[in-house]
Protein chains: 2
Amino acid sequence: METTITLRERKKEATRQALHEATLRLALERGFDTVTVDAIADEANVSRRTFSNYFLNKEDALLYGDRARIDGLLERLRARPADEPPWQALTRSAAAQFAQRREPDPNWLGQLRLLRRHPSLLAQQAAIQAAFEHELANEIAARDPHPDPMRARVMAAVFLATIRTVTAHWTEQKTPSPLSEAIQTGLSHAASPFT
Amino acid sequence: METTITLRERKKEATRQALHEATLRLALERGFDTVTVDAIADEANVSRRTFSNYFLNKEDALLYGDRARIDGLLERLRARPADEPPWQALTRSAAAQFAQRREPDPNWLGQLRLLRRHPSLLAQQAAIQAAFEHELANEIAARDPHPDPMRARVMAAVFLATIRTVTAHWTEQKTPSPLSEAIQTGLSHAASPFT
DNA sequence: GGGCAAACTTGCCTCATGGGCAACTTTGCG
DNA sequence: CGCAAAGTTGCCCATGAGGCAAGTTTGCCC
């Protein structure tokens, strides 16, 4: 599943990754909005036109990692026992996803720092998550003995919003505590009655 | 509070409203992405340059109503007794905000229909709400006897995500039941343990 | 190994857009 | 009534998205 078989596909993935990294690197160097797509394409040694073949815009390219991370989360979720209650499956998947690296990827931290300052990135991130919300909601409904579509969607939305919020908050505080802990705390807040 | 005193301010508001409505009208007629800013400005009898003075882009103009609605929500929240527990204050504010009209504004319904089909609108909406999240979180923290900043933010995010999700869901189902009910149900889902 | 088709990249072009600037018009107020 | 502030507009430019067609690379079958 990991190994993309054909050379063509491996190259494609490499290009995509290169563009993503070029975007991040330049954005951190010069500030996100002063970076042009031309510059990014240059940095990745492809034409500007090729950039457009891979990403819709700078935001999209920068947040490519987010897409991957969320995909990972979804995979973990699907791998969990089918009879596990939805919220527990979500929590455990999140735990697995965020616990993996002892110290977080510096690239990712850089991305988060940018995210905080640029509303256009926030918007794009939300759009990415919204696209996932449906799949997430389906997965949730599949585990619910009395599936209520709206409840499933709300749960999916709450889950994603919590992760996004906690991550943002964690980034702003230079908290020494690991992110995975913060996520668990946040999720438990979201899961317990707000009263 | 309602009456803007000066002529200047009334005119400004009228222009803004005209641009918003022109955007909605044209988007419903021709489809959101085939409408140009030029056409909108024309329809509202101002120059394209003036459009830019009021809104960042088409999405922003279309979602002007959302901004207003959210502002209303915040006002209602602030008007509530200071010692009311946060989640209850939120729920009641939402109830007041959504119960007001017996049958929803057809313009708003049109807007919601567009929202569903256009990710760029979803993104913009999320950005608007994100900008709001801080104020909401502050209001929440102010009501919490043991304020935990992260918890307040999570609560704000959960609240907004729930409203957004329920509204979207309600729009997709032609449910005969009123939106305000759906919102209350959704909020109660979000507030009760997901277990 | 050769060769063909599909996939990918690139350059070129066009149209839309955001926003700076400066001239002009409208409104507020002393 | 007249000036200053606020708002509008036209002009301009840098950037961007994406269609199209020519050129290049890769996959695959003979």
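Student: In this predicted model, against which helices of chain A do the buried residues of α6(A) pack?

Tutor: Helix α6 of chain A covers residues 86-99, and its end C-alpha atoms lie 20 Å apart, which agrees with the 20 Å that its 14 residues should span at 1.5 Å a residue. Its buried residues include A:W87, A:L90, A:A94 and A:F98. The helices against which the buried residues of α6(A) pack are α5 (64-79), α7 (106-117), α8, α9 and α10 of chain A.

Student: Which helix supplies the largest share of the side of chain A that touches chain B?

Tutor: The contact takes 36 residues from chain A and 36 residues from chain B, and across the interface the rule finds 2 residue pairs in polar contact. On the side of chain A that touches chain B, α8 (119-143), α9 and α10 (179-191) each supply at least two residues. The largest share, 16 residues, comes from α9(A).

Student: Which three residues supply 25% of the area that chain A buries against chain B?

Tutor: The area buried between chain A and chain B is about 3000 Å², with carbon and sulfur atoms giving 70% of it. More than any other three residues, the ones that supply 25% of the area buried by chain A are A:M150, A:R153 and A:F194.

Student: With which residue does B:R153 form a salt bridge?

Tutor: Across the interface of chain A and chain B the rule finds 2 salt bridges. In the one formed by B:R153, the closest N and O atoms are 3.1 Å apart, and the partner is A:E172.

Student: Is A:D144, which meets A:R151 in a salt bridge, buried or exposed?

Tutor: The side chains of A:D144 and A:R151 meet with an N to O distance of 3.9 Å. A:R151 has a relative accessible area of 18% and is buried. Since a residue counts as buried under 20% relative accessible area, the value of 17% for A:D144 makes this residue buried.

Student: In which helix do both B:E139 and B:R143 lie?

Tutor: B:E139 forms a salt bridge with B:R143, the closest N and O atoms being 3.8 Å apart, and both residues are buried. They are 4 residues apart, about one turn of the helix, and the helix that holds both is α8 (residues 119-143) of chain B.

Student: Which residue of chain B has a side-chain oxygen that reaches the backbone nitrogen of B:N107 at the start of α7(B)?

Tutor: Helix α7 of chain B, residues 106-117, has 12 residues and reaches 17 Å between its first and last C-alpha atoms, close to the 16 Å expected at 1.5 Å a residue. Its buried residues include B:W108, B:L112 and B:L115. The side-chain oxygen that reaches to within 2.9 Å of the backbone nitrogen of B:N107 belongs to B:D105.

Student: What is the phi of A:N45, which is not a glycine?

Tutor: A:N45 lies in the loop between α2 (37-43) and α3 (48-54) of chain A, where it is exposed, with a relative accessible area of 70%. In chain B, B:N45 has a phi near 60° and counts as exposed at 71% relative accessibility. For A:N45 the phi is positive, at about 60°.

Terms used: Residues are numbered from 1 along each chain as its sequence is written. Chains are lettered from A and ligands numbered from 1 in the order in which they are written. This is a predicted model: local features need pLDDT of at least 70, side-chain atom pairs count only at pLDDT 80 or more; totals for chains, interfaces and linings use all residues. Side-chain values use heavy atoms; hydrogens and water are left out. Contact means heavy atoms within 4.5 Å. Buried area is the accessible area (1.4 Å probe) that two parts lose on being put together, summed over both. A salt bridge is a side-chain nitrogen of Lys or Arg within 4 Å of a carboxyl oxygen of Asp or Glu. A polar contact is a pair of N or O atoms within 3.5 Å; within protein, one must be able to donate a hydrogen and the other to accept it, and residues adjacent in sequence count only if both atoms are side-chain atoms. Buried means under 20% relative accessible area, exposed over 50%, partly exposed in between (1.4 Å probe, protein chains only). The expected span of a helix is 1.5 Å times one less than its number of residues.
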